[in-house]
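Hi,

Here is the structure I promised to pass on to you. Have a look at it first, and then read on for what turned up when I went through it.

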Amino acid sequence: MIDRLVGLICALIGAGAIWHAQTLHVPFAADPVGPRVFPTIIGGVLILCGFILMLRPGPVTMEFGTWPRALAVLVASLIYPLLLLPIGFIAATALLCFVAALAFHARPLPAAVSAVATAVVFFVLLDKMLDLPLPRGPLGI
Amino acid sequence: MDALAALLAGFQVALTPLNLAVAFAGVALGTAIGALPGIGPINAVALLLPLCFALKLPPETALILLAGLYYGSGYGGRISSILLNIPGDPGLVMTTLDGYPLAKSGRGAAALAISGIGSFVGGTSAVILMTFLAVPLTRLALSFGPADYVALMVLSFALLGTMSEGKAVKTWIAVALGLLLAMVGIDGGTGVERFTFGSLELLGGIDFTSLTIGLFAVAEILFLAEGMISGVVSRTGNGARLTFREIVYCIPAMLRATGLGFFLGVLPGTGASVASAMAYTAEKRISDKGTFGKGDMRGLAAPETADNAAQTGSMVPMLALGIPGSGTTAVMLGAFMMYSITPGPLLFTQRPEVAWGLIASMYIGNLMLLVLNLPLVGLFARLLLVPAWILYPGILALSYAGVYAVSNSAFELLITTGIGVLAYILRRVGIPLIPLMLAFVLARLLEDNFRRALSLSDGGYEILFATPTSIVLWLLAVVAIGLPLIRKPKLHQAAMAEAGKPGA
């Protein structure tokens with residue numbers, strides 16, 4: 001069932017790629033092939049593979065672990081870039097590591113300690129020692 | 001021999017203080033990262049890639065570092081395989097078969113020692129073979145025209161499909177998706193925007209570092225967070241130490257595995273996982289007297305040696321032809337390209353300091369690794385005692401810090417996470433990530449050669465099949481595509497089934 005769905009999506013992506021390639025407008029003919037042919041071929045391969053998968057699907061075992069933990073890491077990862085510039089590298093990274101540490105079964109206090117330590121260590125290592133500028137927060141650290 | 005003279009010049013590059021320090025950092029970090037459960041060579045290289053660029057290291061230094069990480073993690077990977085029974089990457093599944101029983105019976109230290117020696121034998125012999133084979137191979141490659149390159153790349157993709165676990169059609173889907181992702185941005189030939197959907201950020205294309213970090217760091221952490229991997233650390237100690245007789249006893253197995261591993265590593269598309277599986281199966285057939293799988297030294301030495309020989313072997317086509325033989329060498333090829341260096345036949349004549357400096361550094365790196373991995377292996381083994389909730393959040397933070405350092409853009413972090421989610425979904429539905437990576441790196445080369453060939457013939461497709469070389473390569477590709485339809489890749493599957501676990 002999952003394979004059929006994957007096949008369908010692949011075929012649709014392939015069709016989209018071919019359609020997009022045909023809309024490309026080439027101002028002048030630099031070479032006889034142009035930018036269209038290659039995406040069209042790849043789109044064709046995707047459609048073909050999609051159909052093969054739809055017609056001859058195999059079993060896909062979906063063995064999930066405790067997926068809410070992965071989701072927590074994901075949400076923290078999505079919020080991280082939004083916080084990075086406003087509150088600075090150390091605070092944002094500590095927050096990211098705190099959530100991730102909880103997701104990896106840490107108790108809150110050790111998680112907080114290790115998160116802050118990780119953030120500070122990386123800041124010192126990258127910003128101070130290797131001279132790669134990382135965003136400072138409002139307090140300048 | 002001109003190879004020896006060139007190698008000597010390479011040593012002058014590799015022995016500068018900076019390059020020595022970087023080689024040491026590379027192999028030590030590689031061993032450390034490789035030792036972490038669930039994290040393999042490709043993750044190690046991906047993790048440090050952005051930092052190389054952000055630090056603006058000179059190309060030969062950056063490549064010495066990345067290569068050190070690569071073969072260093074081949075040494076480190078055995079630690080978690082033996083002590084935890086958790087292979088860091090598919091190439092190490094075979095190491096667990098005899099390694100873990102040895103550790104459980106109290107001979108963990110001996111198991112680590114013999115596998116360290118095996119890694120050294122495999123790694124170093126492969127570097128020696130590489131020294132003498134690289135230049136002849138480039139001579140062959142010099143005769144390649146654009147059409148031959150197109151055929152060669154299609155053959156690499158086809159071999160990936162044949163050798164990978166699971167369905168070949170999914171490998172092709174991964175290849176097609178990788179090629180499509182690489183097309184995002186401005187077309188080099190005509191300046192036309194493709195697949196940018198009017199977004200300014202996508203004009204420059206998808207950044208290579210974001211892609212590798214997304215595929216091999218973020219997605220990996222998401223998987224690990226679900227807690228699919230767990231284990232109990234065995235003690236290294238108390239049992240009998242490795243004796244000299246046992247080492248001698250394993251030497252024939254190691255030499256056989258070196259040859260097999262190097263050969264399979266050089267073939268495009270087949271990586272360390274196939275090599276170690278075949279070395280184990282072959283060694284079992286030759287010397288098993290009912291002891292294999294219960295802690296036979298040779299059953300441990302053979303796959304470990306083959307794994308490292310194949311890793312080094314897979315660098316040969318990357319350097320000599322510009323076509324990577326494995327996922328990790330594809331990442332390294334991408335690194336070359338970010339420095340505007342094109343690996344391939346011209347690398348050895350135009351940038352000998354890069355090519356030979358790298359090869360020379362691998363002699364030094366393997367020696368360093370022998371020291372790091374025999375007396376100091378306990379230090380690395382102790383890494384396994386660091387709790388997961390300190391390690392993996394740290395890896396995630398380092399990944400994002402690296403992407404930020406190289407791009408200076410918070411938006412790039414969102415793209416990286418997005419790629420990570422895509423990679424997570426792809427892995428869930430059984431679409432392999434390594435062919436996607438390989439295709440992404442080769443896309444530009446493939447399209448350029450394709451268009452160059454067709455402009456020579458003014459648009460006639462017959463030119464793709466015009467030379468004897470290209471006809472042979474196309475025929476091989478057809479065989480490689482057709483083979484899984486007729487017969488399942490039995491050997492690999494049988495070996496994996498024997499290991500009793502899916503390739504992680």
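Let me start inside chain B, with a helix pair. On one side, B:Pro41, B:Ile42, B:Val45, B:Ala46, B:Leu49, B:Cys52 and B:Phe53 of H3(B) are in contact with B:Gly327, B:Thr328, B:Val331, B:Met332, B:Ala335 and B:Met338 of H13(B). Sorted by class, this contact has 11 nonpolar residues, 2 polar ones and no charged ones. Please keep in mind throughout that this is a predicted model.

As for the geometry of that pair, H3 covers residues 41-54 and H13 covers residues 327-338 of chain B; their axes come within 9 Å and cross at roughly 10°. An angle under 35 degrees counts as roughly parallel, so H3(B) is roughly parallel to H13(B).

Helix H8 (residues 208-225) and helix H17 (residues 388-407) of chain B pack with their axes 10 Å apart, at an angle of about 165°. The cut-off for roughly antiparallel is over 145 degrees, and H8(B) and H17(B) are therefore roughly antiparallel to each other. Their crossing is left-handed. From H8(B), the contact takes in B:Thr209, B:Ser210, B:Ile213, B:Ala217, B:Val218, B:Ile221 and B:Leu224, while H17(B) brings B:Tyr392, B:Ile395, B:Leu396, B:Ser399, B:Gly402, B:Val403 and B:Val406.

Now for chain B as a whole. Its secondary structure comes to 21 helices and 2 strands. The C-alpha trace spans about 70 × 50 × 50 Å along its principal axes. Does the radius of gyration agree or disagree with that of a compact globule? For 504 residues such a globule would have a value near 23 Å, and chain B has 22 Å, so the two agree. Of the 504 residues in chain B, 63% are buried. Looking at contacts in chain B between residues at least 6 apart in sequence, 81% join residues at least 24 apart.

Next, the interface. How many residues of chain A are in contact with chain B? There are 57 of them, facing 51 residues of chain B. On the chain A side, helices H1 (2-23), H2 (37-55), H3 (67-87), H4 (89-103) and H5 (108-129) each supply at least two residues. H3(A) gives the largest share of that side, with 11 residues. By class, the side of chain A that touches chain B divides into 45 nonpolar, 10 polar and 2 charged residues.

B:Ser340 is not a glycine, yet has a positive phi of about 55°. With 7 other C-beta atoms within 10 Å, B:Ser340 is exposed; the cut-off for that is 12 or fewer.

The other one is in chain A. A:Asp131, also a residue other than glycine, has a positive phi near 65°. A:Asp131 is placed in the segment after H5 of chain A. A:Asp131 has 10 other C-beta atoms within 10 Å and is therefore exposed.

Happy browsing, and do write back with any questions!

Best wishes

Key
Residues are numbered from 1 along each chain as its sequence is written. Chains are lettered from A and ligands numbered from 1 in the order in which they are written. This is a predicted model: local features need pLDDT of at least 70, side-chain atom pairs count only at pLDDT 80 or more; totals for chains, interfaces and linings use all residues. Two residues are in contact if their C-beta atoms, placed from the backbone, lie within 7 Å. Helices (H or I, at least four residues) and strands (E, at least two) are DSSP runs, numbered from the N terminus. Ala, Val, Leu, Ile, Met, Phe, Trp, Tyr, Cys and Pro count as nonpolar, Asp, Glu, Lys and Arg as charged, and the others, Gly among them, as polar. The radius of gyration is taken over C-alpha atoms; the globule rule is 2.2 Å times the number of residues to the power 0.38. A residue is buried if 20 or more other C-beta atoms lie within 10 Å of its own, exposed if 12 or fewer, and partly exposed in between; C-beta atoms are placed from the backbone. Axes are lines fitted to C-alpha atoms, for helices over the stretch in contact, and angles run from 0 to 180 degrees between N-to-C directions. Angles under 35 degrees count as roughly parallel, over 145 as roughly antiparallel, 65 to 115 as roughly perpendicular and the rest as oblique. A crossing is left-handed if the near helix is turned anticlockwise from the far one by less than a right angle, and right-handed if clockwise.
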